[in-house]
Amino acid sequence: MSKNPNKLNRRHFNAAVGASMIGSGVFVNPAPAQESTSPNERLNLAAIGVTGRAAGNIKGCATQNMIAMVDIDSKLLETGTQAFPNARKYTDFRVMLEKEAEKIDGVIVSTPDHTHAPAAAMALRMKKHVYCEKPLTHTVYEARTLANIAKANQLKTQMGTQIHALGNYRRVVELVQSGGIGKVNRVHVWANAVYTGAKFVKTEKPEHVDWDLWLGPAPQRDYCADIHPFNWRKFWDYGRGSLGDFGCHYMDLAHWALELRNPLAVKAKGPEVDPVSTPAWCIVDYQYPSRGKKPPVHLTWYDSGKRPKEIEGLKDLAGNPIAPWGGGQLFIGTKGMILSNYSQHMVLSPEGRQIEHKAPDPWISDSIGHHNEWLQAIRDDGDTTCNFDYSGALTESVLLGTVAYQSGEQLEWNSKKLQVTNSKRAQQLIHKEYRKGWVL
């Protein structure tokens, strides 16, 4: 990376996407694309990525017209498009977006993390509504960029944190915001997933994989069998390990309930940094500022089986020890605590004993469905709960944890300027150099 991050940003990442970036990628079949729809008809959507998590996102939007689908793996493309025989098939999302520009209403981005931003940014600049998997991006700078483009073009966006749509999270938010456990200034968040042990081992590339397109903006490397289609999460070049995969799910509840956005300071610890592989474990401390009358918040993230000592010794209503939860959140307030995860929660006394409680009258409406929120927002000019303004700030916080870990330094963070004020080394990790031919 350039020694001058501001120069780097101007030079490489403020260019508009144009025809000059289109390589040799072509569409696979000549099925005629459908005409663009009106707001009262089904939307015309395009999917970038078609299997795995992408298949879930496509299924969530299957009531609409899926007119174009993209994957760099021809076998996966055939599998993922079987239910959509009229969709035009492509290997390069850039070609697809240009060829289908007049017909597409919205784009679903479900690629590996390192290609989220270039795909979503191109669609947003073409004024297409975007649904993008979590984490929103691979770097902090990319997250801010997508949020800014979406806002400038008044587009409907949603990040794929599907748990946000479940009723349990809503009830916890209501409990916290009603003052049920008093003022909260401490939160512990943890997840079990482990992503580590990555190594680049050159192997013969299968014919059905377009490796150059899979790499996208990442550095040029020989094909390695232990990356596509899933283990890329272990590699810094493509993913962000356990924190990148689950941080947006579990930290989401704390951000929502406590109205958090940007930390002031971030410090991380874990095993010695490996230049290729994400760590076997990581613990990150975030310091958030006060928000109006709400006190500052100290949030700690734990992954790969690490857990806060505060969940030891907690007891249920019968006085029995509460078995360790594989992933979850512990909110500590001045009047008590809330232990929660995706699907359940309980209120605890300050001493850690579960207590009966009266839930406040619900005021957060049930979700119509995470994908349906996005589709309805496009139709009705409404909003979504995980739009790129909210989810962009959440992603920035998550990724600052990986920056703190990789740099080995405590970050003093100026969110407005996107600047680590105390470390030039860490500042270089706020963004990355894109491979020639790729832009944000």
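## Gly 270

Gly 270 is partly exposed, at a relative accessible area of 29% (buried is under 20%, exposed over 50%, partly exposed in between, with a 1.4 Å probe and protein chains only). The residue sits in the loop between strand 8 (265–269) and strand 9 (283–288). Helices (H or I, at least four residues) and strands (E, at least two) are DSSP runs, numbered from the N terminus.

Gly 270 touches Trp 281 and Tyr 405, leaving aside residues up to four places away in sequence; contact means heavy atoms within 4.5 Å. From Gly 270 to His 249 the separation is 21 residues in sequence and 21 Å in space, C-alpha to C-alpha.

## Basis of the model

This is a predicted model: local features need pLDDT of at least 70, side-chain atom pairs count only at pLDDT 80 or more, and totals for chains, interfaces and linings use all residues. Residues are numbered from 1 along each chain as its sequence is written, and side-chain values use heavy atoms, with hydrogens and water left out.

An open sheet is formed by 6 strands in the order 3-2-1-4-5-6, with parallel pairing. Two strands pair if DSSP finds at least two bridges between them. Strand 3 (88–90) and strand 6 (157–160) stand at the edges; each has a single partner strand, so one side of each lacks a neighbour in the sheet. Neighbouring strands are turned by 20 degrees against each other on average, direction ignored.

Strand 1 (residues 44–48) pairs with strand 2 (residues 65–70) over 5 bridges, in the parallel sense. Ile 48 stands opposite Val 70 in strand 2. Helix 2 (residues 53–60) packs on the sheet. This helix touches strand 1, strand 2, strand 4 (106–109) and strand 5 (129–133), and its direction makes about 140 degrees with that of strand 5. Axes are lines fitted to C-alpha atoms, for helices over the stretch in contact; angles run from 0 to 180 degrees between N-to-C directions.

## Helix 5 and its partner

Helix 5 (residues 116–125) has 9 of its 10 residues buried, so the rest of the structure largely encloses it. Among the buried residues are His 116, Pro 118 and Met 122. Lys 127 follows helix 5 with a positive phi, near 65 degrees.

The axes of helix 5 and helix 6 (residues 140–152) come within 9 Å and cross at roughly 15 degrees. That makes the two helices roughly parallel (angles under 35 degrees). Ala 117, Ala 120, Ala 121, Leu 124 and Arg 125 of helix 5 meet Glu 142, Thr 145, Leu 146, Ile 149 and Ala 150 of helix 6.

Technical notes
Angles under 35 degrees count as roughly parallel, over 145 as roughly antiparallel, 65 to 115 as roughly perpendicular and the rest as oblique.
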